[in-house]
Amino acid sequence: MELPIDHFRLLGVSPSAGAEEVLRFFQLRLDRIPHPAFTPEVMAQRSELLRRSADLLCDQKMREDYESALLKGASGLELSFNREVAGLILLWEGGVALEAFKLARKALKPPQTPALGSGREADLALVAALSCK
């Protein structure tokens, strides 16, 4: 799944932010739990995605390559199936609630419908509800 958000918006920093500021915002985002009802698994994946963004933006070479890709038209973050829900949480937290809602709603419909009563279903429903708020 491709999310319409970049690593800068995901962490809440400007593209001119230095490594120290990136790490400060990373820690703030990591410490702020978006909602206590999310499953521990999805919260661990959220932390991993935040860490991945911070690592990329703090490594000068990786950041230059990433910024170059953005300038060439790269549009968003590509996430594996098992990290989609965490990405949707970060999308919602990043102020892109409408897109988070649309993608959560799509993930709740066939053929990708999660098992009834599963943690994935509960997390997707919570993202959709919080995005509507």
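Predicted model: local features only at pLDDT ≥ 70, side-chain atom pairs only at ≥ 80, totals over all residues.
## H3 and H2

Helix H2 covers residues 19-31 and helix H3 covers residues 40-58. Their axes lie 9 Å apart, at an angle of about 175°. Angles over 145 degrees count as roughly antiparallel, so H2 and H3 are roughly antiparallel to each other.

On the H2 side, the contact is made by Ala19, Val22, Leu23, Phe26, Arg29 and Leu30. These residues meet Arg46, Ser47, Leu50, Arg51, Ala54, Leu57 and Cys58 in H3. By class, the contact of H2 with H3 has nine nonpolar, one polar and three charged residues.

## H3 and H4

Helix H4 spans residues 60-71. The axes of H3 and H4 cross at roughly 95° and come within 5 Å. H3 is therefore roughly perpendicular to H4.

In this contact, H3 contributes Asp55, Leu56, Leu57 and Cys58, while H4 contributes Gln60, Met62, Arg63 and Tyr66. The residues of the contact of H3 with H4 divide into five nonpolar, one polar and two charged.

## H3 and H5

Helix H5 is formed by residues 84-93. H3 and H5 pack with their axes 8 Å apart and at an angle of about 65°. The two helices, H3 and H5, are therefore roughly perpendicular to each other. The crossing of H3 and H5 is right-handed.

From H3, the residues in contact are Val42, Gln45, Arg46, Leu49 and Leu50. Their partners in H5 are Val85, Ala86, Gly87, Ile89, Leu90 and Glu93. Seven nonpolar, two polar and two charged residues make up the contact of H3 with H5.

Terms used
Residues numbered from 1 in each chain as written. Heavy atoms only, no water. Axes fitted to C-alpha atoms, helices over the stretch in contact; angles between N-to-C directions. Helix = DSSP H or I, 4+ residues; strand = E, 2+ residues; numbered from the N terminus. Parallel < 35°, antiparallel > 145°, perpendicular 65-115°, else oblique. Contact = heavy atoms within 4.5 Å. Nonpolar A, V, L, I, M, F, W, Y, C, P; charged D, E, K, R; others polar. Left-handed = near helix turned anticlockwise from the far one by under 90°.
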